[in-house]
Amino acid sequence: MPHDHPQGTGPVKPPELLAPAGSPEALAAAVAAGADAVYLAGRRFGARHYAANFSDEELRSAIDYAHLHDVRVFVTVNTLVRDAELSDVARYLLWLYEAGADAVLVQDAGVASLAREIVPDLPLHASTQMTVHNREGVARAAREGFSRVVLAREVTLAEIEDIAEVQGIGIEVFAHGALCYCYSGQCLLSSVIGGRSGNRGMCAQPCRKPYRLVTADKDDYGRPKSLRAVPAEDRYLLSTRDLAVYPHLDRIARAPVASLKIEGRMRSPEYVATVVDIYRRALDTIAAGAPWSPSREDMRDLALAFNREFTEGYILGAPDIMARDRPGNRGVLLGTVSGYDPRRREASVRLAGDTSPRSGDGLAFSSDDPDRDVGAIVRGTPAVKNGMVRIGVGAPVGAGARVFLTKSADLEERAKRIMANPLPQIPIDILVTWEGGTPSLEATVPVCGGEPLRVLYRADIAMEPARSRPLTGEQIAEHLGKTGGTPFTVRKMDLRYPGGLFTPIGELNRIRRTFLERVGEAVLAARRPGPDAVHAARERVEAAIEGMTRTAGSRRTPRTPSVSVYVDTLEAAAAAAREGARTIYIEPSGPVGLRFLEEAATACREGGADLVWKWPTVTRRGFLDAAAPLLPSLYDAGIHGVMVSGMGAADAVRNAEPRMRLYGAAGLNVWNHRTAGSLSALFLRCTVSPELPAADAAELAGSVGNTPELEVIVQGTIEAMVTEDRLVAAVAGEEPCNRFLGLEDQRRRIFPLRHDSEGRTYIANAAEICLIDRLPGVAGMGIDAVAIDARGRGACYAGDMVRLYREGIDAVNRGDTGILPALKDEVRRRALGGITGGHFVRGLAE
């Protein structure tokens, strides 16, 4: 462990330490371990559906419990929401506001706009699933009323320094825990494979499954010919390590971030206690300006709590993000098997260091194939002789197998001791005065960033003049100052006792208990909105629900949708234009220049199509600085549109060339009419989320009016992941080429890969969506355009698909829908991996 860390570089204001609380027990562990704030979810609208989470009653109690120990509570309302759910979301936001939640985390732009309308005093945090990754995106969030942004995990410390120049908004970053392979909020892989949407909190973690990289030459339709596997040592190609910035926590603590977030709402209370305690102690040392360097013991305990091998993550520029050899918990290396006694069913293990097993420990005997690992629980603490121990294990294990400690009884005992720590207490100053023998107690409670809270309690008894043994001031102070079992500690007591009075000690204790209860009630009330604010919020909620009720069930005027197509070559753009595509979104896979785009625009104009430059899903500083200056010249050359997937990119376009029309890609996650409405001021057209079933898409269209235009992706392999991992180069040792590249899963499904101009990897669904037989319904719901994704498929595919869909739309206009099944067969003959109706037809798992 390196120790080249600043030694006594002066006190710093530490960032907030934000802990996960997936259950009431984990909440208590986080508070006991020293978290400044916790994030948790109710049973609705939270992105960890499989955590225990909190019932409404538990959630209200959790907020009160945390507040009485001066811990803030942020509630996740960070799933994407259908139109039919917006009324329930409105009521839930009101409930959270009344309960005193300190902030809500949201992903859905429509939910954010609803929250600003009905509970404007409830702070909003932009979830990492909003995929905010550049300065423009943070500035947009600040203008839209967010008080904090949880940045994408892929953002580096250098980028954070640039982003932090945005005023009026806090930056939150992940510090420890699991990493997603894909940019959060852009992952549809679990959704397209099994209908379990990560955007609805139901991710099945397909990234932890085995895959192999395959390649082939392409046919005329971009399909693989004679697939062959790329030799690779590892099988878990999408499995990431776990993040741990602890070794460089001093750097992070001095960075311009407001909050360090620990991931783990699915983890145990013991995990939460261990990790929070380690980060708390380190941050406190750094904050005091004392010498600090990472502790080997703490790193070992972090690893024992849970790890898939640690990485310092994108935030610190680590090169080792991936753990492709196995997807599960690694624990800590204990030793190596030297032999196995089948009669005794015991393994002889040579210890690798000074850690030895004890009763209750969990072990994993590791082989080359993770599926064949053998687990064991240590029964009785084995004796260590000459660095060797004998451990009972039920299945044979081979010599040379490594043995890992994956569950430590010692660590669990230490975690339980942390969880039994005295809880944080709120300091209060007490003034005690007497009037006519009746004591009055006034508490002054400090409030961070505000005026102190004052609580006055006049006792319901009068102390009598003493006949023989009056109470002394010291006696009264002793009993009134006891706070054991309460959330308070007396910092200072000013006792203005006139003397000579008496009352039973039991009465003093009762007065104290009643007084501290009143103080607790006042502290909680101060963290909640007042009656007038709640009444006003209720009226706003009812007005919002009434407005949504009026539009529910509305229908747009049916219309004839135009055909759009995504392409990545000049040839495909020209072919699509010739066949009648009206809008062509071009996203070259390599570096793009003015001449390329101008040539594409000329080819499109000759066919009567508009060319739109599609920007990558992720637009970090380097791309924006290179692309934005091109826009004025492109506009003058006749390219009048840019398609983006993020609000930061949209603002970058608008700032560089205000005349440019904006088109919203699927990455904007348009799920409801409030999201679409919030985008209408900027965007000419938005893509409806490919996760939406037909009925929900129709509800969205009917409620949104005529702006923005709405587009549905009807053909092609749906983009399911975008990642910073250079997968092909990492696995095959070479850069991506023009061959077909794909991932093959255990069911022999092939997920196509492509790369954007900055080298990011995109993974698409194994089967193509095909909605050509659903065109009557699409036209009937008032959709303005239908889109075909022909990227990576070549000119033949692009041209043929445009022609087939044009024929289908013409048939719908003539009322001749009988030819649609034949057209669907034509599509199927050109498809890659078969065709599917996707979520549009079959919906999502709930």
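**View 1. Val432 and Leu441 face each other across a strand pair.** Val432 stands opposite Leu441 in strand E20. Strand E19 (residues 426-435) and E20 (residues 438-445) run antiparallel, joined by 7 bridges. Strands and helices here are DSSP runs, strands (E) of at least two residues and helices (H or I) of at least four, numbered from the N terminus. Two strands count as paired if DSSP finds at least two bridges between them. The model is predicted: local features need pLDDT of at least 70, side-chain atom pairs count only at pLDDT 80 or more, and totals for chains, interfaces and linings use all residues. Residues are numbered from 1 along each chain as its sequence is written, and side-chain values use heavy atoms, with hydrogens and water left out.

**View 2. Four strands form an open sheet.** The strand order is E21-E20-E19-E23, with mixed pairing. Strand E21 (453-458) and strand E23 (488-495) each have a single partner strand, so one side of each lacks a neighbour in the sheet. Neighbouring strands are turned by 25° against each other on average, direction ignored. Axes are lines fitted to C-alpha atoms, for helices over the stretch in contact, and angles run from 0 to 180 degrees between N-to-C directions.

**View 3. Two helices lie across this sheet.** Helix H12 (residues 473-480) lies across E19, E20 and E23, at about 155° to E23. Helix H13 (residues 505-526) lies across E19, E20, E21 and E23, at about 145° to E21. Val519 is found in H13. What does Val519 touch, not counting residues up to four places away in sequence? Its contacts (heavy atoms within 4.5 Å) are Ala443, Val445, Val455 and Phe488. Val519 has a relative accessible area of 0% and is buried. Buried means under 20% relative accessible area, exposed over 50%, and partly exposed in between (1.4 Å probe, protein chains only).

View 4. Of the 8 residues in E31 (residues 709-716), 7 are buried. E31 pairs in the parallel sense with strand E30 (residues 685-687) over 3 bridges. Here Cys686 stands opposite Leu710. Strand E37 (residues 785-789) is also parallel to E31, over 4 bridges. Strand E36 (residues 768-770) runs antiparallel to E31, with 2 bridges. Gln715 has Ile788 as its bridge partner in E37 and stands opposite Cys770 in E36.

**View 5. E30, helix H21 and E31 make a β-α-β unit.** The unit is right-handed, and its helix spans residues 694-704. Right-handed means that, with the strands pointing away from the viewer, the path from the first strand over the helix to the second runs clockwise.

**View 6. Phe365 sits in the largest nonpolar core.** This core holds 244 residues, of which Leu238, Phe365, Ile584 and Trp615 touch the most other members. A nonpolar core is a set of buried Ala, Val, Leu, Ile, Met, Phe, Trp, Tyr and Cys residues joined through side-chain atoms within 4.5 Å. Beyond four places in sequence, Phe365 has contacts including Val337, Ile391, Val393 and Arg402. Another core, of 28 residues, lies apart, with Leu68, Leu508, Ile511 and Leu524 among them.

View 7. Arg324 is found in the loop between strand E12 (310-311) and strand E13 (332-341). Is Arg324 buried or exposed? Arg324 counts as buried, at 11% relative accessibility. Its side chain makes a polar contact of 2.8 Å with the side chain of Asp725. A polar contact is a pair of N or O atoms within 3.5 Å; within protein, one must be able to donate a hydrogen and the other to accept it, and residues adjacent in sequence count only if both atoms are side-chain atoms.
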